[in-house]
Every structure is written in structure tokens, then in C-alpha cells.
Amino acid sequence: MSAKVNTMGAAGARPDAAFPSGAPRAGETVLSVEGLCVGYRGEGGSRVPVVEDVSFELRAGRMLALVGESGCGKSVTAAALGGLLPRGMSVDGGKIAAAPGILRAGRGLAYVFQDPGQCLDPVFRVGRQIVEAMPRADRRRSRERLAELLEQVGFHEPERVARSYPHQLSGGMQQRAMLAMALAGRPRILVADEPTTALDVTVQARLLRLLADLQRKENLAVLLITHNLGVVAEVADEVLVMYAGRAVERGPVSMLASPRHPYVEGLLRALPRLERGAGPLEGIPGQVPALGRRPAGCPFHPRCALARAECRERVPEWREAGDGRALACWVRGGGGR
Ligand SMILES: Nc1ncnc2c1ncn2[C@@H]1O[C@H](COP(=O)(O)OP(=O)(O)OP(=O)(O)O)[C@@H](O)[C@H]1O
Ligand SMILES: [Mg+2]
């Protein structure tokens with residue numbers, strides 16, 4: 001089975017005395033990322049930055065959504081938390097710190113991916129795979145625990161699902177089986193990287209609501225990566241928007257109603273306005289710069305209608321904007337808009 005399957009001690013994170021030990025209360029920080037930088041050695045030996053200076057916190061019972069265009073570093077950021085970076089990439093700077101409880105046996109970080117094939121092994125029955133992901137204490141009553149987990153993720157016939165091989169389940173069912181497997185390890189943190197992209201829209205929404213429900217009931221800290229801003233507004237508590245490897249704006253999910261960073265404004269304009277009838281999509285002109293070709297200054301400046309001289313020269317400082325919001329923008333970060 002894949003090494004990515006189970007709940008794992010967060011190999012990328014370190015226990016930190018700054019966190020209280022024991023079960024966290026809802027809203028308590030269980031993992032903090034400060035100034036994370038990830039890169040790889042490019043041609044000629046120079047470092048190519050992939051993720052630069054990204055900071056956020058994951059809290060028990062809360063969902064943080066990580067959004068941004070393809071290639072902006074969402075998956076790499078998520079992979080860094082569990083020490084699952086692609087070969088050749090490494091953490092070049094910053095600090096990932098976790099509550100001691102996170103790293104105790106069976107109290108780790110679990111991942112759910114877009115492709116069930118990354119987690120579910122085609123040659124074993126689903127039930128067996130879920131049991132293998134359980135901590136030892138639960139294996140003594142594995143039948144009951146298995147039924148409990150399968151019911152938790154919405155299966156009405158847990159025995160039948162447990163006996164099935166992955167290919168005997170639909171895409172949505174495989175995704176739920178993967179979620180059950182992630183929960184089997186009793187994680188404190190669940191990282192869901194585009195868990196629903198391969199599914200049709202109604203199944204997507206159902207799965208994300210299930211995730212939000214489990215997060216509250218199990219007091220899980222969830223990091224959800226998705227392109228679907230409509231879903232984010234419905235299920236997440238906080239949002240962090242990335243662009244070209246950097247965080248550009250973060251805050252409570254309500255910030256999506258009045259974003260300040262020009263990139264976030266553009267992303268939201270690019271959403272189809274279904275409720276107003278389908279008009280032309282106003283996207284953001286230009287493209288995300290390729291790795292190794294990111295511009296100096298603000299990474300978004302070549303595509304930004306508001307860019308001025310300092311945006312081309314210096315990376316914007318991260319500024320608090322009130323109500324738990326913060327952004328990195330020389331033009332909009334200074335207070336007024
Ligand atoms: N295994 C890898 N080897 C080399 N480069 C990689 C690898 N994985 C990702 N990258 C590069 O790192 C950058 C960030 O990729 P990442 O997968 O984190 O983006 P993402 O935001 O998750 O995008 P998407 O929305 O498409 O999933 C991209 O430029 C990507 O090409
Ligand atoms: Mg990704």
C-alpha cells in the first residue's frame with residue numbers, strides 16, 4: 001500500500017512547547033506554519049523557489065481553505081506539512097510547528113487526495129485497508145470501529161462496502177472510503193487536496209458538506225485545497241489565497257465578499273455569475289509565471305492593473321487589515337482602497 005495512505009506522525013512538523021498538550025479545544029491552534037519556503041535545485045545548481053514565505057495556522061474544529069490558480073504551490077505547501085514533498089524538493093526555510101498531541105502515536109496528520117488511487121490499493125478489500133490504518137487500540141474492536149467509520153462517511157451498508165474492492169465502488173464512494181481511511185487513524189489534522197475535483201458537482205458538494213460536518217463533530221483541523229470558491233464560501237471558516245508560490249491575502253471566509261488584493265478580486269470576477277445569468281467571464285489577463293521565472297517585487301505585478309513602481313521592485317510586506325484579515329499588496333495593503 002502507498003506510504004501516503006495512513007494517519008501519520010507529521011514528519012515535516014516538530015512538536016513545540018508553545019502549544020498546550022492534550023486534546024485541543026475547538027478553535028485552538030494545532031499546527032502553525034511560519035515563513036515556509038520550499039524549493040528545488042535547478043539546472044546549474046541554483047535554488048528554484050516553489051513556495052516562498054507562506055504562513056498560516058490550523059485550528060481544531062476549523063477549516064482553512066487554500067485557493068489559487070493551478071501551479072501556485074497549494075499542493076507543495078500541503079505536502080510539506082507531512083514531509084511528503086516530491087523528490088528533489090526540500091524545505092528551505094521557515095518553521096512548521098505542531099502541538100505535541102499531533103505527533104503522538106496515531107494522533108497525526110491524514111491526507112485525502114483527488115485520486116483515490118493514491119490511497120486505495122486496488123488489490124485489497126476496502127475494509128481491510130481501513131482496518132490497517134487504525135491505531136493498535138482500535139484494532140482490538142476493528143469490526144465495530146470499521147462499521148462506525150463507514151457510517152460516519154455516509155455509507156448505509158457498511159458491510160457491503162467493507163467487502164468491496166475499490167473498483168466496485170463509484171468515484172464518490174471511493175472518495176468517502178478514502179475519507180474513512182484517513183479518519184481511521186484518528187488524526188487531529190486532515191489535509192484534503194482537491195478531494196472532489198474528479199466528481200460531478202452534486203457529489204462534490206455532498207462530500208464537502210460531509211467533511212465540514214466531520215470537522216465539527218471530530219474537532220478536526222482541516223486544510224482544504226480547492227479551485228471551487230463557491231464551495232469555499234459555504235464550508236470553510238478561513239481562506240488563504242496563494243499566487244505564484246506566495247500568500248497574497250488571508251482572513252475569515254467572509255473576506256471573499258469584499259476582497260482587497262487585486263488578484264483575489266480577479267479570481268472572484270472569474271467565477272461564473274450563475275445567479276445573474278451566464279455572462280462573459282472576466283478573467284485575469286496574462287498567465288501565472290513559470291517556476292524560475294517569477295518577477296521581482298510583487299509576483300502579481302505583471303498582471304495587475306494597479307501596479308506601480310514599488311510593486312515591481314519590492315515584495316509587498318504582509319499587513320494586517322483588521323477583522324483578522326491580512327494581505328500583501330503595496331497598493332491595497334496600506335489601509336484605504
Ligand atoms: N514533483 C514535482 N517536480 C517538479 N516540480 C513540481 C512537482 N510538483 C509540483 N511542481 C511544481 O511546483 C509548482 C507548484 O505546484 P503545486 O502542485 O503545489 O501547485 P498547485 O497550486 O497545487 O496546482 P494545482 O491547482 O494544479 O493542483 C508548480 O510550478 C509545479 O509545476
Ligand atoms: Mg495541487
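**Exercise 1.** Determine what span helix H8 should have and how far apart its end C-alpha atoms are.

*Solution.* Helices here are DSSP runs of H or I with at least four residues, and strands are runs of E with at least two, numbered from the N terminus. H8 comprises the 17 residues 201-217. The expected span is 1.5 Å times one less than the number of residues, which gives 24 Å for H8. The end C-alpha atoms of H8 are 24 Å apart, so the two values agree.

The model is predicted: local features need pLDDT of at least 70, side-chain atom pairs count only at pLDDT 80 or more, and totals for chains, interfaces and linings use all residues. Residues are numbered from 1 along each chain as its sequence is written, while chains are lettered from A and ligands numbered from 1 in the order in which they are written.

**Exercise 2.** Identify which residues of H8 are buried and where the exposed ones lie.

*Solution.* A residue is buried if 20 or more other C-beta atoms (placed from the backbone) lie within 10 Å of its own, exposed if 12 or fewer, and partly exposed in between. In H8, the buried residues are Leu 207, Leu 208, Leu 211 and Gln 215. They cover an arc of only 95° around the axis, judged by the directions from the helix axis to the C-beta atoms, and therefore lie on the same side of H8. Exposed Thr 202 and Lys 217 are on the face turned away from that buried side.

**Exercise 3.** State which residue with positive phi follows H8.

*Solution.* Asn 219 follows H8, and its phi is near 55°.
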